[in-house]
Structure formats: C-alpha cells, structure tokens
Amino acid sequence: RVLSCGLKDFCAHGGAEAAPGTAGDKRVPKIASVVGILGHLASRHAGSIKQELLRMFHESLGSPREHHKATVPFLLQLALMSPALLATVSPELVDSLKPPVLNQLHQHFSAVPRDELEGVVGVVVHLLCHTSAGALRTLRFLLATAAP
C-alpha cells in the first residue's frame with residue numbers, strides 16, 4: 001500500500017513527465033516519507049518489498065495505463081533516494097532483464113521525448129555507478145547485452 005500510494009502521489013505531481021531526481025517540487029516530502037516507511041519496514045519485510053518493487057516494474061511495462069507510465073521513473077526516484085532499496089532489488093532486476101523485457105522497456109520509452117529520455121538514462125548511469133551490490137553481475141550483463 002505504501003508503494004501504491006507513493007506512485008499515485010508521484011503521478012499526481014507530474015511524475016510521468018518529470019525526470020527523476022528533480023528537486024523543488026511538491027512530491028519530494030511524500031516520496032521521502034515513502035522511502036522512510038520502506039526503510040523502516042525493510043528490517044522485517046525486505047523480501048516482500050523486493051518482490052513488490054519487481055512486480056511493479058514488470059507490470060508497468062506491458063500496460064498503457066497512465067500511472068504505469070510513471071512507474072519506472074518512480075522506482076528510479078526511490079532508488080536515488082534509498083541506496084538500501086537499490087541494493088535490495090538490483091541483482092534480481094538485472095537477472096530479469098531478458099530480451100523480451102528489454103524489448104518491453106524499449107517500447108515503453110519509445111514515445112518519451114529525447115530530453116526526458118536522456119534524463120532517465122543519466123539517472124540509470126548514476127545508479128549503476130553508485131551500486132556495489134551485484135556490480136560484477138551488472139557489468140557482465142551490460143557487456144553481454146552490448147556485444148552478445
């Protein structure tokens with residue numbers, strides 16, 4: 001419920017159009033609360049949180065619904081704000097990025113304006129550079145994907 005409410009608030013305040021990491025808007029306090037609550041819950045429910053984050057990601061890729069368009073930027077924003085959430089989910093996320101999922105990601109972002117897409121790519125690169133959990137696995141994935 002915390003993630004669902006956070007996503008709804010993110011959408012209500014322009015999350016689908018805003019690049020992750022932009023400061024000074026109205027959603028920052030609410031997303032900060034979401035991160036804080038998830039951080040508190042993680043000590044006892046880390047597996048459930050990881051499972052829900054991955055479910056949200058995969059569900060959003062195949063859906064044309066408006067709030068699903070904002071799910072990936074929302075999850076990127078959560079990862080920017082919480083290195084613990086990033087470390088929890090990144091190894092499984094990398095494992096799930098098989099060709100069909102990569103194609104869904106491509107389709108999902110094909111209609112995004114170039115400047116917004118560059119912002120998203122910048123956030124992904126930033127997150128990749130700042131994660132240590134599964135770094136070798138991520139590097140192997142990138143190399144295998146770039147030059148199979």
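Select aspartate 95 to begin: its relative accessible area of 38% makes this residue partly exposed (buried is under 20%, exposed over 50%, partly exposed in between, with a 1.4 Å probe and protein chains only). The model is predicted, with local features requiring pLDDT of at least 70 and side-chain atom pairs pLDDT 80 or more, while totals for chains, interfaces and linings use all residues. Numbering starts from 1 along each chain as its sequence is written, and side-chain values use heavy atoms, without hydrogens and water.

Because aspartate 95 lies in helix H5 (residues 83-96) and arginine 137 in helix H8 (residues 135-146), the pair ties together parts 42 residues apart in sequence. Helices here are DSSP runs (H or I, at least four residues), numbered from the N terminus.

Move to helix H7 and select glutamate 118 and arginine 114, which lie 4 residues apart, about one turn of the helix. They form a salt bridge with closest N and O atoms 3.3 Å apart. Glutamate 118 is partly exposed at 48%, whereas arginine 114 is exposed at 65%.

In helix H2 (residues 28-61), glutamate 52 and arginine 55 are 3 residues apart. Their salt bridge has its closest N and O atoms 2.4 Å apart.

Technical notes: A salt bridge is a side-chain nitrogen of Lys or Arg within 4 Å of a carboxyl oxygen of Asp or Glu. Helices (H or I, at least four residues) and strands (E, at least two) are DSSP runs, numbered from the N terminus.
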